[in-house]
Amino acid sequence: MSNRLKKLRKEKGLTQADLAKVLNTNQSQYGKYENGKTNLSIENAQILSEFFGVTLSYLLGLDDDSCIVGSKKMTPFQSLVRDRDLSLKEISEATRIRYPTLSGYNQGIRTPKKKNAKILAEYFGVSIPYLLGYEENFTANKPNATISIELVKELSFISEKKSKLLQEYIELDKKERDILEQIRSAVL
């Protein structure tokens, strides 16, 4: 179990302190769970299995099938994250989709809407229907899917920069008008 706790924590890009908060304990105590020095209570094990979106038997090391509690199989998103050995933090940084949103997808409690489904499909190089679970077979997206996500990120960066520059321009323009007004007042 200890290796699974550590693996699941790292997959989500979390620290031991983050998970200690989830269990309402301290980092030292959580570290003991992760290192196998102390066993989790059933209550804490259930909290963590729900938090990570895995079965209790998987978390406790009794089963190698980590399927989401209450479902028979993992969602394509969960499989892609697991199979590609990516953390949600890495995916969030690459796609600019908020971490809590990705966490909801990974726990199987949310489904990507149109915009995020498109971004994630391009990021993983799969079709949108596959990502959403409408197709069972992996269908490769466009061969330049990696470039597409990079273009989306670059476009977002440009948009943010333009917005900042526009704001700076407006402020400078106002200062310029104020100075010109002061000069006119001094001359008259």
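1. Leu180 is located in helix α11 (residues 145-187), where helices are DSSP runs of H or I with at least four residues, numbered from the N terminus. Leu180 counts as partly exposed because its relative accessibility is 38%; partly exposed lies between buried, under 20% relative accessible area, and exposed, over 50% (1.4 Å probe, protein chains only).

2. The model is predicted: local features need pLDDT of at least 70, side-chain atom pairs count only at pLDDT 80 or more, and totals for chains, interfaces and linings use all residues. Residues are numbered from 1 along each chain as its sequence is written, and side-chain values use heavy atoms, with hydrogens and water left out.

3. Ile179, Leu180, Ile183 and Val187 make a nonpolar surface patch of about 380 Å². Members of such a patch have over 30% relative accessible area and no salt bridge, and nonpolar side chains (Val, Leu, Ile, Met, Phe, Trp, Tyr) are joined within 5 Å. A salt bridge is a side-chain nitrogen of Lys or Arg within 4 Å of a carboxyl oxygen of Asp or Glu. Areas come from the Shrake-Rupley method with a 1.4 Å probe.

4. Helix α7 (residues 88-95) contains Ser92, which is buried at a relative accessible area of 14%. A polar atom of the Ser92 side chain lies 2.7 Å from the backbone oxygen of Ile97. Beyond neighbours within four places in sequence, Ser92 contacts Ile97, Arg98, Tyr99 and Leu102, contact meaning heavy atoms within 4.5 Å.

5. Leu88, also in helix α7, is buried, with a relative accessible area of 0%. Among the residues that Leu88 touches, apart from those up to four places away in sequence, are Phe77, Val81, Tyr99 and Leu102. Leu88 and Arg98 are 10 residues apart in sequence and 9.4 Å apart, C-alpha to C-alpha.

Notes
Patch = residues over 30% accessible without salt bridge, like charges linked within 9 Å, V, L, I, M, F, W, Y side chains within 5 Å. Helix = DSSP H or I, 4+ residues; strand = E, 2+ residues; numbered from the N terminus. Polar contact = N/O pair within 3.5 Å; in protein donor to acceptor, adjacent residues only side chain to side chain.
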